[in-house]
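Me: I am new to this structure and would like to learn how its features are read. May we take them one at a time, beginning with a pair of charged side chains?

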Amino acid sequence: MIFPILRGFLSYHKAPITWAIFALNATVLVWGWNFGWSVNDQLDDLMSDDFFLETQGHVYENYLKDQDGGAPTVVRELASSGATDTQHFRLLGHLAFRDEEFLSKAPSEKLYNDVVATKHWTKQLNLIGQLEEVHPSFLFGVSKDPSNFSHWITYIFSHTNGWHFFGNMIFLLIFGAALEEVIGGLGLLVVFVMTGIFAAGFFLWINGPTTAPLIGASGAISGLMAMYSVLCWNRPTRYVYWYFLPTRESMGFIFLPAWTILALWLLGDLAGLLGNLDVMGGVAHAAHLGGDLSGAICGAVVMLMWKWTAPNRLRFKEVFTNEMWKLYPFFNWYRASLK
């Protein structure tokens, strides 16, 4: 395996905005744990109720038989397969959570003859809806209401758990710090937010509104990685490699052009998007691809700015940062007040 490490983790003094983004993500994670822990436990209990899931599977199967479209083809084929075992209905019950139209319409329709089971299912479904209204993932994530544009920004600062957080933050600290040295702190922040917004839009364009919220900084970080790859296209980039286990005898360093980072991540995300079923997937490959595309565009734009406004590449960071300040009158005033 190989893993890009560039210059490793730079200190706060060399990459303050990168570390500030890291700190903000960490703060939201800790707040979410403290605030949403009990809510998450209640949701887990409700969604692991086998009787509830089987009932929802029966209701969903009957619902799909009466509907002409909406659900993915693979789900419709599963519903019409004729299977009657409990695992079949529990699987359909899980998949039903990704069908917003079903969740909004089905409770008011008589789709299952078991009155007791239907009453229990409706009660549990209402409880889940109430808990989702106060759950951090739904408070910050992009889900049922894509018109709430503020969530297109807040989702990049929220993560589901510690593993999700640390996996993303490793790449943020490596690529964010390396990019901050080139385009400055304000430029990094603007690109991070812009590519995150584009990643959310691309995700919704590919998948449509979803009841499973889109959260995490991976789309924006993909944008940073793509922008770095474009700006440093042929620059030798340090990777660490290892065989099986990362021991001293089986690992080392290798230098490859920066464009290999973009190529590897694009291939991985395309394979993930085309190889996984949207209804089963937990990784937002479409958001990653949106970040890759927008980051590459930002890199190309900056390259043009580099060529036109900073013939001396050593001055590029200063020139680009000054241009970014001009976009924000308040920040420009604040910077002037410091002089």
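This is a predicted model: local features need pLDDT of at least 70, side-chain atom pairs count only at pLDDT 80 or more; totals for chains, interfaces and linings use all residues.

Me: Where do Lys 65 and Glu 61 lie?

Reply: Both belong to helix 2, and they are four residues apart, about one turn of the helix.

Me: Is Lys 65 buried or exposed, and is Glu 61 buried or exposed?

Reply: The two partners must be read separately. Lys 65 has a relative accessible area of 56% and is exposed, because the cut-off for that class is over 50%. Glu 61 has a relative accessible area of 8% and is buried, since buried means under 20%.

Me: How many salt bridges are counted?

Reply: The count comes to five salt bridges. One of them joins Glu 54 to Arg 90, whose closest N and O atoms are 2.8 Å apart. Glu 54 lies in helix 2 and Arg 90 in helix 4 (residues 86–96), so this pair ties together parts that are 36 residues apart in sequence. Arg 90 is partly exposed, at a relative accessible area of 22%.

Me: Which helix holds Glu 101 and Lys 105?

Reply: They lie in helix 5 (residues 100–105), four residues apart, and are therefore separated by about one helical turn. Glu 101 forms a salt bridge with Lys 105, the closest N and O atoms being 3.0 Å apart. Glu 101 is partly exposed, with a relative accessible area of 35%. Lys 105 also counts as partly exposed, at 35% relative accessibility.

Me: Which residues do salt bridges that share partners join into one network?

Reply: That network consists of Asp 50, Glu 54 and Arg 90.

Me: How may the length of helix 2 be checked?

Reply: One compares an expected span with the distance between the ends. At 1.5 Å a residue, the 16 residues of helix 2 (residues 50–65) should span 22 Å; its end C-alpha atoms are 23 Å apart, which agrees. At the N-terminal end, Asp 49 caps helix 2, a side-chain oxygen lying 3.1 Å from the backbone nitrogen of Phe 51. Among the buried residues of helix 2 are Phe 52, Leu 53, Val 59, Tyr 60 and Leu 64.

Me: What does the check give for helix 10?

Reply: The 14 residues of helix 10 (residues 218–231) should span 20 Å at 1.5 Å a residue, and the end C-alpha atoms are 20 Å apart, which agrees. Helix 10 is mostly covered, with 14 of its 14 residues buried.

Me: What is the order of the strands in the sheet, and is the pairing parallel or antiparallel?

Reply: Strands of a sheet pair through backbone hydrogen bonds, either parallel or antiparallel. In this case three strands form an open sheet in the order 1-2-3, with antiparallel pairing. Strand 1 (2–4) and strand 3 (251–257) stand at the edges with a single partner strand each, so one side of each is left without a neighbour in the sheet. On average, neighbouring strands of this sheet are turned by 35° against each other, direction ignored.

Me: Which residues face each other across the strands?

Reply: Strand 1 and strand 2 (residues 236–242) pair over three bridges. There, Pro 4 has Tyr 239 as its bridge partner, and Phe 3 stands opposite Val 240. Strand 2 and strand 3 pair over seven bridges, and in strand 3 the bridge partner of Val 240 is Phe 253.

Notes. Residues are numbered from 1 along each chain as its sequence is written. Side-chain values use heavy atoms; hydrogens and water are left out. Two strands pair if DSSP finds at least two bridges between them. Helices (H or I, at least four residues) and strands (E, at least two) are DSSP runs, numbered from the N terminus. Axes are lines fitted to C-alpha atoms, for helices over the stretch in contact, and angles run from 0 to 180 degrees between N-to-C directions. The expected span of a helix is 1.5 Å times one less than its number of residues. Buried means under 20% relative accessible area, exposed over 50%, partly exposed in between (1.4 Å probe, protein chains only). A polar contact is a pair of N or O atoms within 3.5 Å; within protein, one must be able to donate a hydrogen and the other to accept it, and residues adjacent in sequence count only if both atoms are side-chain atoms. A salt bridge is a side-chain nitrogen of Lys or Arg within 4 Å of a carboxyl oxygen of Asp or Glu.
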